[in-house]
Amino acid sequence: MDISHSHNSGSPHQHILHRLHALQQQFRHISPHAMQRTAAEFNISLSQVAAVVAFYSFFSTQPRGRFDILFSNCTSCGYLSGDQDLMQMLCQLLQVTPGKTRADGLISISETSCIGMCDQGASLLINGLPVTALNAEKLTQIAQRITTESPLTDWPTEWFAVHDRIYRRDLLLMEQHAPGSALQTALAQGADQTLAVIQQSGLRGRGGAGFDTGKKWQLCRAAPGDAHYVVCNADEGEPGTFKDRLLLRDHTDAMVEGMTTCALVIGAKQGFVYLRGEYRYLLPHLHAVLDQRRNQGLLGQHILGYENFEFDIDIVVGAGAYICGEESALIESLEGKPGIPRIRPPFPVTHGYLGQPTIVNNVETFIAAAHIITHGSVWFYSIGTEQSRGTKILSISGDCEKPGIYEYPFGVCIRQVLDDCGAQNVQAVQIGGPAGKLLGAAEFNRAISFEDISTGGSFLVFDQQRNLLAIHRNFAHFFAHESCGFCTPCRVGTRLLKNNLDKIAEGRGTAHDIEELKQLSHLIQHQSHCGLGHTAAHHVLDGLQHFPHTFSAPLQPHFTAQFDLDQALESARQATHRNDAAAHLDNE
Amino acid sequence: MSDNPSTIRIDGQEIPFTAGQTIMDAALAAGIYIPHLCHYSGLPPSGNCRLCVVENGNRSVAACITPAVTGQEIRNNTPELNEARKAITQMLFVEGNHICPSCEKTGNCKLQAMAYHLGMLDDHFPQFYQRRELDASHPEILLDRSRCILCDLCVRASRDMDQKNVFAIAGRGTDAHLIVNTPSGKLADSTMAVTDLAANICPVGAILIKEIGYEVPIGQRIYDQQTIRETGLQEHVDRKNDD
Ligand SMILES: Cc1cc2nc3c(=O)[nH]c(=O)nc-3n(C[C@H](O)[C@H](O)[C@H](O)COP(=O)(O)O)c2cc1C
Ligand code: SF4
Ligand code: SF4
């Protein structure tokens, strides 16, 4: 199997995800014939190509519109985050049904999971590019431009602007990184000492799980293999997380330097940045930084003149699959396969990419590592709490005056964060995204840290006006959509959970459904294969504990049907071409 | 904990294991049944059905993919775990379209046998009624995806034993479905034969060999004679070329 080992995207050996992306862009879909050609070109089975196309949301086998729009459905940057249903509005303006390409092939509109624009207002992707700060007026203009087939390059550039707002800087965000500085230090002190500094710093992974970074590097370094690999996890799929979006753009050098330092420690020649498809717009910038570093002698052969130090990085762009943030699914995706989490053990540190020892770290982790090398372990270790050293970069969004980026020393109190971002009348916060923790006001004195409330960066604020049941439904739909489908409890369970919450919200729930929610949640949590399933029902259990009224208020006192009787007759109506009053049941 | 370096305990019973064995391997070798649907001794394990989830300390692990490690104290046959297994079996029943009374696999079906084993009396969850494609193109083999439980056994059997790689699973979440590795997507265009392991390993009535459906009368079928526990302890395939 040939997987990209080349260092620029124009080379003949592209990554299969990139080939499929190009096909999707050109033909608006991936045809059976294109799949066959791709299988032949990559020398893999047709079923593998078909499985990849089916797995990733951004690929389709049916033609999408020449203007292909995906509205985010996140609680912060989604089409329902304001007062109006923006997707419905645009669909009406353009006479198109969500999920169905208009007959003339001009336009298709559907929805997608959080696109990481949570501090930019309601947002969408059009042919892969983010358009932010949506409102009724902008949608009207968008509809006009689409109707007149105005090419995207003629659209106002301001529409595509992503304005980063950093409200609090600390250790990492205050740094002005000079390219090569950390690497100079690392090379001067050698791999052993560099590893020791990382170990002494107390750095733990910033992607969510918080594994000890020094220990991970040490295990990988010690693992035998034909080659070692460094992978930067820039998949940032947890709804409400957008700090890597900022870091990838403004701290790219430090990130690459962290990866290169890691390569020195573990003895890797090849690295990858796995970039979520939603952030494809960052690709030109990332390539420019990599090129510049090659020119500066900071990437490629003989790095900084060291005869035996060679390392380079490829960027692989995902195609819409939250599960690919899970490190073993990410590696599967790197290998050109559907992102199904692997059997672990063995873990990536010993058996990762192509079965070889592999480090997977988050963007922020690599950046912290680079600065730790420059400043020494004490600089980092002296900040934070006992088991959570250093700082954490939060991406705050939802009901607050100042959504944006905030960096705090670990141990900061939730109430402090809420005050700083101008959140008032707060009903609840969801920390760590839908997979994280839902907390009510009684717990706002708790702290952000691995000991207490940990987060990969997502911090969602919900005020008293918010309907929490709608939030739970949103999360449940997210997990049902993103479950990779591999294991029964998550595949079937997340869908049952979603159906159950829908049923309660539609006023057809009974007390029995509350018990059902609990049991289902426990089952998904304990019996699933990977972290997605283990965390997918947390929000329901938290909600039942802290906000039981959310679920019990809409319940029916009497027996109600599991299903909507009238809806169940729909297929019969279609078959008989009837839609008159007598073909409907009165559900009242 | 025992002093013997290569033993684990399952529900208090101490059993030996050899290096490289999973908890499932060790259990089956010792005559201890851990319920499973996607595992078949001799094929590489997958871990997708999750019926074999056991408790190791305070962690839940799938026995078929978790290495046996000296001193493990495993809980397997507990009321809580069997309840969870029953719920998972019910999930599989409502996800697909299982027509037991009229299915020609009835009595030979592992999903059905598992339901009996776990004392499942109803579906519990609302049915999904998913529409799934039927493939009757092959002259001798029928593929009815409505009854597929996505156990991946035919995929592994075809790839690792038959060396034909006829199947794969594609699609995410409940869109996951079995696909055939041919340009038409039809079984008729594959090299699949009735003698393939893949044609005979399906635990349910999703892959059926045509024209033999009712040769064995109901009442004399596998699970009319024995329980799934007994089958589970006995059956295995030998790998042709162990690599
Ligand atoms: C469903 C799921 C999604 C994940 N998504 C991400 C992600 O987008 N970015 C990330 O860095 N880690 C993500 N992780 C965690 C990774 O598996 C892994 O722990 C992390 O990349 C390791 O890097 P770190 O130690 O630097 O945090 C995810 C985990 C799960 C289970
Ligand atoms: S828990 Fe969900 S995402 Fe993880 S392997 Fe199972 S089905 Fe896939
Ligand atoms: S067809 Fe049968 S063997 Fe194949 S995945 Fe489905 S249930 Fe398993």
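Let's start at ligand 1. It has 18 residues around it, and the closest are A:G207, A:N233, A:N361, A:N362 and A:T365. Keep in mind that this is a predicted model.

What kinds of residues make up that shell? By class, nine are polar, six are charged and three are nonpolar.

Where do they come from? Two elements of chain A, β9 (358–362) and α18 (531–536), each supply at least two residues of the shell. The strand β9(A) gives the most, with three residues.

Now the contacts themselves. Take the side chain of A:N361. One of its N or O atoms is 2.9 Å from an oxygen atom of ligand 1. The backbone takes part too. A polar backbone atom of A:E327 is 3.0 Å from an oxygen atom of the ligand. For A:R206, a backbone N or O atom lies 3.2 Å from a ligand oxygen. And how much of ligand 1 does the protein cover? On its own, the ligand has 600 Å² of accessible area, and the protein covers 89% of that.

Next topic: charges. Side chains of opposite charge can pair when their charged atoms come close. How many salt bridges does the structure hold? Over all chains, there are 50. I'll pick a few.

First up, A:R221 and A:D192. Their side chains meet in a salt bridge, 2.2 Å from N to O. This pair links distant parts of the chain. A:R221 sits in helix α7 (residues 213–222), A:D192 in helix α6 (residues 181–201), and the two are 29 residues apart. Buried or exposed? A:D192 is exposed, because its relative accessible area is 56%, and the cut-off for exposed is over 50%. A:R221 has 30%, so it counts as partly exposed.

Next, A:R168 and A:D170. Here the salt bridge runs 2.9 Å from N to O. A:D170 has a relative accessible area of 12%, so it is buried; the cut-off there is under 20%.

Then A:D244 and A:K243. Their closest N and O atoms are 2.7 Å apart, and they form a salt bridge. Are these two residues buried or exposed? Both A:D244 and A:K243 are buried.

Last one. Which residues join up in a network of salt bridges? A:D119, A:D164, A:R245, A:R249 and A:D250 are linked that way.

To recap: the protein covers 89% of the accessible area of ligand 1, and the structure holds 50 salt bridges over all chains. Questions, please.

Conventions
Residues are numbered from 1 along each chain as its sequence is written. Chains are lettered from A and ligands numbered from 1 in the order in which they are written. This is a predicted model: local features need pLDDT of at least 70, side-chain atom pairs count only at pLDDT 80 or more; totals for chains, interfaces and linings use all residues. Side-chain values use heavy atoms; hydrogens and water are left out. A salt bridge is a side-chain nitrogen of Lys or Arg within 4 Å of a carboxyl oxygen of Asp or Glu. Buried means under 20% relative accessible area, exposed over 50%, partly exposed in between (1.4 Å probe, protein chains only). Helices (H or I, at least four residues) and strands (E, at least two) are DSSP runs, numbered from the N terminus. A residue is near a molecule or strand if one of its heavy atoms lies within 4 Å of it. A polar contact is a pair of N or O atoms within 3.5 Å; within protein, one must be able to donate a hydrogen and the other to accept it, and residues adjacent in sequence count only if both atoms are side-chain atoms. Accessible areas come from the Shrake-Rupley method with a 1.4 Å probe; for residues, only the protein chains shown count as cover. Ala, Val, Leu, Ile, Met, Phe, Trp, Tyr, Cys and Pro count as nonpolar, Asp, Glu, Lys and Arg as charged, and the others, Gly among them, as polar.
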